[in-house]
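Q: Let us read this structure together, one feature at a time. Please start with the rule for a contact.

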Amino acid sequence: MSIELRNISKHYGETRAVDEVSLVVPDEVQVLVLIGPSGGGKSTLLRLLGGLEVPTSGEVLYQGRSLGTEESNLRQFRRKNGFLFQQFNLFPHLSALENVMLPLTKVHDFSAAEAKDRAMSGLERFGLQAHAEKMPAQLSGGQQQRVGLARAMAHQPGLLLLDEPTSALDPEMKAEVLEVIDELCREGQRIILTTHEMGFAKKSGDQLVFLSRGKVIDVSEGTAFFESTDSPEIKGFLEKVMKW
Amino acid sequence: MAKSVFSTAVCLVLGTTYCFVLWIVLSHDYDWEAIQPYWKNLLSGWWMTILVSAAALLLSILVAALLTAGQMSAHRPPRLLSRVFVEFVRGTPLLVQILLGYYLVANSMGWDNRFWVGVVILSLFAGAYLSEIFRGGIESIPASQWNSARAIGLSDSQTYRHVVIPQAVRRVLPASAGQFANLIKDSSLLFVISVHEFTMQARETNANSYATFESYLPLAIGYLALTLPISLFSRRLEERYRYEH
Ligand SMILES: Nc1ncnc2c1ncn2[C@@H]1O[C@H](COP(=O)(O)OP(=O)(O)OP(=O)(O)O)[C@@H](O)[C@H]1O
Ligand SMILES: [Mg+2]
């Protein structure tokens, strides 16, 4: 996907959420996965990669061009991408259909009729046609996340950024959402994902980055999945999460 | 056990009070003939109260919108100016504001239309309170909504327009309706600058007929007829809001 991070940091007061990270994600990588312990900086790095946050120092290059720090440039970049967070993605005063339509009409300049067609086919694609008119509060957690995905995908984003999209769901709904994400991976969608689902990370990631205390501890390519890592921290982490 | 003792006590105290008041009201020897010539005035006063309140309602929403925008502005001066205004209004009695507004400000401007002076003062007063309700509503929209709005590429003004304000409006509707009921009651103070509203007409009726009960009982009922429906409506909105979330 052609991303380069040059010595990038993000500080919140005293907290160094991301601390002087440099990383190259080559063009062949279609699915980038960020893993690591809680508080390690995964979400912060994802937000920096997606142009939702301005780095304290350093720069992010996407396909050779710096994202910069100007809000209007960052917004242009965000508009090309799609996001899905852990929860509370949807606007509670709008129906599922209206949620998907809002960015199409207000950001991407579709007419109301075009937007509706597009949104409906997006909802159908994720198995939600029967729920189009429902309000978010009337949907299950898994359905809400799928509506969120339909919204994030409706304008055919260059990059889809997912921040622990299933960690607020029960196992059954988790599976139903991972299924959909897996399908997107297989269709060739470029995805950056943070997750605690190691099985999924292993299966779908082309490149895996292990973050801890704001630092990249190791990067693993292809299917190796840190098998040959020297880091005792990663070994310990994997042992712990694989145990249960 | 303690609960049932408590509720029995409440019923007893309130029940006795109601009976006592009812007894006073019913046992009075009414002389409706005495206010016969003034019914027309009372009715026109009631109508005037509706007009003043409705005009002040519309204007107060405008005032509140301005004050809310001022208080939430990214710049210091508008924030400060709005804050000063709100604190002044909340810190002084409405009666004082009416007297100052009319005898000092309006008079020195040579403005003598009592109706509109009254409407303006009332709407400044109600607008200040309403703006606190509006601000609370906007601030109650969680950060996750801003986050989602940014993530789909909305600008700040689009976020206000399509995400924050529509949700805030639902949240502030019950309290705003309650504020409107207050506005109707507060308009009764405009008699001090001789706006011929309901209270003023009742006072004059009383002065001319010496029939105190017959003048003021319709006054209370007339206000209740306006505020009760609003209060019920506001409760229903509150309930609907509770089930939506
Ligand atoms: N907006 C913020 N303000 C202050 N501190 C923050 C903010 N966002 C993140 N942090 C801090 O930065 C550090 C990294 O947080 P981040 O959310 O990126 O971790 P994470 O790896 O995503 O953790 P988790 O797995 O729990 O989601 C944490 O110590 C967190 O408390
Ligand atoms: Mg996180």
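A: A polar contact is a pair of N or O atoms within 3.5 Å; within protein, one atom must be able to donate a hydrogen and the other to accept it, and residues adjacent in sequence count only if both atoms are side-chain atoms. The model is predicted: local features need pLDDT of at least 70, side-chain atom pairs count only at pLDDT 80 or more, and totals for chains, interfaces and linings use all residues. Residues are numbered from 1 along each chain as its sequence is written, chains are lettered from A and ligands numbered from 1 in the order in which they are written, and side-chain values use heavy atoms, with hydrogens and water left out.

Q: How far is an oxygen atom of ligand 1 from an N or O atom in the side chain of His196(A)?

A: The distance is 3.2 Å. For the side chain of Ser38(A), an N or O atom is 2.5 Å from a ligand 1 oxygen. Gly39(A) uses its backbone: an N or O atom there lies 2.7 Å from an oxygen of ligand 1.

Q: Which residues come nearest to ligand 1?

A: A residue is near a molecule or strand if one of its heavy atoms lies within 4 Å of it. There are 13 residues around ligand 1, and Ser38(A), Gly39(A), Lys42(A), Ser43(A) and Thr44(A) come nearest.

Q: Which element gives the largest share of the shell around ligand 1?

A: Helices (H or I, at least four residues) and strands (E, at least two) are DSSP runs, numbered from the N terminus. The largest share of this shell is three residues, from α1(A).

Q: What is the area buried between chain A and chain B?

A: Interface size is often given as the accessible area lost when the parts come together. Buried area is that loss (1.4 Å probe), summed over both parts. Here it is about 1,700 Å², with 55% from carbon and sulfur atoms. Phe91(A), His93(A) and Lys106(A) supply 31% of the area that chain A buries against chain B, more than any other three residues.

Q: How many salt bridges are there between chain A and chain B?

A: Side chains of opposite charge can pair when their charged atoms come close. A salt bridge is a side-chain nitrogen of Lys or Arg within 4 Å of a carboxyl oxygen of Asp or Glu. The count between these chains is one. Arg150(B) pairs with Glu71(A), the closest N and O atoms being 3.7 Å apart.

Q: What does the salt bridge of Lys215(A) with Asp19(A) tie together?

A: Their closest N and O atoms are 3.6 Å apart. Lys215(A) lies in strand β10 (residues 215-221) of chain A and Asp19(A) in strand β2 of chain A, so the pair ties together parts 196 residues apart in sequence.

Terms used:
Buried area is the accessible area (1.4 Å probe) that two parts lose on being put together, summed over both.
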